[in-house]
Amino acid sequence: MHAIKHRLAIRAAPSVIFDAISRAQGLNAWWTKRCDGEPRAGSMYCFHFSEAFEWTAEVTGVVPGRLIEWYFTDAEPDWTGTRLRIELIPEGAQTWISFEHEDWQDDNAHFRHTSFCWAQYLRLLRLWVEDGTSVPYEERSRT
């Protein structure tokens, strides 16, 4: 199994970042085009990117203000069965993001491309949380 891992600091309280990574309004500001779901164990999220890309994931771990984890049940073949875990670790005026997208079957081109994309999306998360700037969905692939 393979895993994508990133770590970055954001100048904000964990509760603010948790809303950005677990609530529809926050997720839509930096990652999805549209989503719905509630940050509670067993809840299902629908992550909508386009008509061809509408994925579902189950919340398999949640600690409000600290952690959310999803297991992808219906997505692209390489994503289905993967686990996305975001943990928030406060340190002074900033919060460290420990990001892991685990259980990839192959270290293939899609895996490597997704790792790059996650780095870009995490940068957009920081921009949203720190500055309130949301890049329109259609422009996110160019940032």
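In strand β6 of this predicted model, R83 is the bridge partner of Y71. Five bridges join β5 to β6, and the two strands run antiparallel. Strands of a sheet pair through backbone hydrogen bonds, either parallel or antiparallel.

The pairing continues from β5 to β4, where seven bridges link the two strands in the antiparallel sense. Within this pairing, G61 stands opposite E69 in β5. Three residues separate β4 and β5, which form a hairpin. The turn of the hairpin contains G65, whose phi is positive, at about 80°. On the β3 side, β4 pairs with β3 over six bridges, again in the antiparallel sense. Here M44 stands opposite E58 in β4.

These strands belong to an open sheet of seven strands, with the order β1-β7-β6-β5-β4-β3-β2 and antiparallel pairing. Two strands, β1 (residues 2-10) and β2 (residues 34-36), pair on one side only and are the edge strands. From one strand to the next, the twist averages 20°. In a regular strand the side chains alternate between the two faces of the sheet.

Helix α1, residues 14-22, packs on the sheet and touches β1, β3, β4, β5, β6 and β7. The direction of α1 makes about 165° with that of β6. Helix α3 also packs on the sheet, with contacts to β1, β6 and β7. The direction of α3 makes about 20° with that of β1.

The structure holds 17 aromatic pairs. One of them joins W31 and F47, whose ring centres are 4.9 Å apart and whose planes make an angle of 50°, a tilted arrangement. W31 lies in the loop between α2 (24-30) and β2, while F47 is in strand β3, so the pair ties together parts that are 16 residues apart in sequence. A pair of aromatic rings is described by the distance of the centres and the angle of the planes.

The largest share comes from α3, with nine residues. By class, the lining has 11 nonpolar, seven polar and three charged residues. The space in the largest pocket is about 540 Å³.

How values were computed. Residues numbered from 1 in each chain as written. Predicted model: local features only at pLDDT ≥ 70, side-chain atom pairs only at ≥ 80, totals over all residues. Heavy atoms only, no water. 1 Å grid on protein atoms, 1.4 Å probe; cavity = no way out; pocket = protein on both sides within 12 Å on 5 of 7 lines; lining within 4 Å. Points joined across faces, edges and corners; volume = space filled by probe spheres on them. Helix = DSSP H or I, 4+ residues; strand = E, 2+ residues; numbered from the N terminus. Nonpolar A, V, L, I, M, F, W, Y, C, P; charged D, E, K, R; others polar. Pairing = 2+ DSSP bridges. Axes fitted to C-alpha atoms, helices over the stretch in contact; angles between N-to-C directions. Contact = heavy atoms within 4.5 Å. Phe/Tyr/Trp six-rings, centres within 6.5 Å; stacked < 30°, edge-to-face > 60°.
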